[in-house]
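Reader: I should like to learn how to read the main features of a model such as this one. Please give the general idea first and then the case at hand.

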Amino acid sequence: MALTLQASDPAAPDAMVGRAGSFHEVKRAIEQLHEAGATVEISTVLTRDAVTHLPQTLTWLATRRWKTWLSAFMPDRDLPAPEPLHPTIARLRETLADHERATDAAVLSFVGVALCAVPARLRDRAFGAPLSHGGNAVSVPACDRCAMRPRCPGVSTSYLRAHGDGDLIPLGARPA
Ligand code: SF4
């Protein structure tokens, strides 16, 4: 059973999904599934709002020994105004690095997340098709110089429309 939890502050996920009480419904569902012995997959989609709340969310999950899949925000259609919805890669990188202990404890996997946003020692938890977000493959100069390109999901075209490629940092030297 897979459930999405966007934040641990009750008011935040309710505002994100536009429905009062959604946080408590998801929390109770997770608890009941655990009590029933079911396997529960929690996921958190990395919208800008979710990243704002991420330190608190990861700490909250870690104290319960629950883990989440952090998934890149990948809209399946062009958004008229993508900028407010996508966190910058720099902001995500900084958030994960500043809260690496909670990230280590509470993140099961990074799904479709650019590897230059993920702390180095946690990159073995990352997966996603190399540089292909639903056909929205990106190839920017930074990626062309990056040793991680063969296994990195990169960023979506929606992200590039919102923020450009200035925050992508090539990791190491790409083998010739
Ligand atoms: S520079 Fe490009 S290929 Fe390298 S880690 Fe960042 S997004 Fe991935």
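**Core, ligand shell and chain**

Author: The largest nonpolar core has 33 residues, and L46, I89, V113, A114, L115, A117 and V118 have the most contacts inside it. A nonpolar core here is a set of buried Ala, Val, Leu, Ile, Met, Phe, Trp, Tyr and Cys residues joined through C-beta atoms within 7 Å. At least two residues of this core come from each of α3 (48–52), α4 (54–63), β3 (68–72), α5 (89–98), α6 (100–106), β4 (107–111) and α8 (157–163). Helices (H or I, at least four residues) and strands (E, at least two) are DSSP runs, numbered from the N terminus. The model is predicted: local features need pLDDT of at least 70, side-chain atom pairs count only at pLDDT 80 or more, and totals for chains, interfaces and linings use all residues. Residues are numbered from 1 along each chain as its sequence is written.

Reader: Which residues does A114 touch, not counting residues up to four places away in sequence?

Author: Two residues are in contact if their C-beta atoms, placed from the backbone, lie within 7 Å. On that basis A114 touches I89, C152, P153, G154, V155 and L168.

Reader: Which residues come nearest to the ligand?

Author: A residue is near a molecule or strand if its C-beta atom, placed from the backbone, lies within 6 Å of it. There are 15 residues around the ligand, of which A114, C116, C143, C146 and C152 come nearest. The shell divides into 13 nonpolar residues, one polar and one charged. In this division Ala, Val, Leu, Ile, Met, Phe, Trp, Tyr, Cys and Pro count as nonpolar, Asp, Glu, Lys and Arg as charged, and the others, Gly among them, as polar.

Reader: How many helices and strands does the protein chain have?

Author: The protein chain has eight helices and five strands, in the sequence pattern β-α-α-β-α-α-β-α-α-β-β-α-α. Its radius of gyration is 16 Å, close to the 16 Å given by the globule rule for 176 residues, so the protein chain is as compact as a globular protein of that length. The radius is taken over C-alpha atoms, and the globule rule is 2.2 Å times the number of residues to the power 0.38. Along the principal axes, the C-alpha atoms fill a box of roughly 50 × 35 × 25 Å. Of the contacts in the protein chain with a separation of 6 or more, 66% are between residues 24 or more positions apart.

Reader: What span should helix α2 have?

Author: The expected span of a helix is 1.5 Å times one less than its number of residues. Helix α2 (residues 22–35) has 14 residues and should therefore span 20 Å, which agrees with the 20 Å between its end C-alpha atoms. After α2 comes G37, whose phi is positive, near 80°.

Reader: Which residue has a positive phi although it is not a glycine?

Author: Most residues other than glycine have a negative phi. R65, however, has a positive phi of about 60°. R65 lies in the loop between α4 and β3.

Reader: Is R65 buried or exposed?

Author: A residue is buried if 20 or more other C-beta atoms, placed from the backbone, lie within 10 Å of its own, exposed if 12 or fewer, and partly exposed in between. R65 counts as exposed because it has 8 C-beta neighbours inside 10 Å. Of the 176 residues of the protein chain, 30% count as buried.

Reader: Where does M74 lie, and is M74 buried or exposed?

Author: M74 lies in the loop between β3 and α5. M74 has 20 other C-beta atoms within 10 Å and is therefore buried. M74 and V45 are 29 residues apart in sequence and 8.8 Å apart in space, C-alpha to C-alpha.

Reader: Where is E83 found, and which residues does E83 touch?

Author: E83 is found in the loop between β3 and α5. With 13 other C-beta atoms within 10 Å, E83 is partly exposed. Not counting residues up to four places away in sequence, E83 touches A162 and H163.
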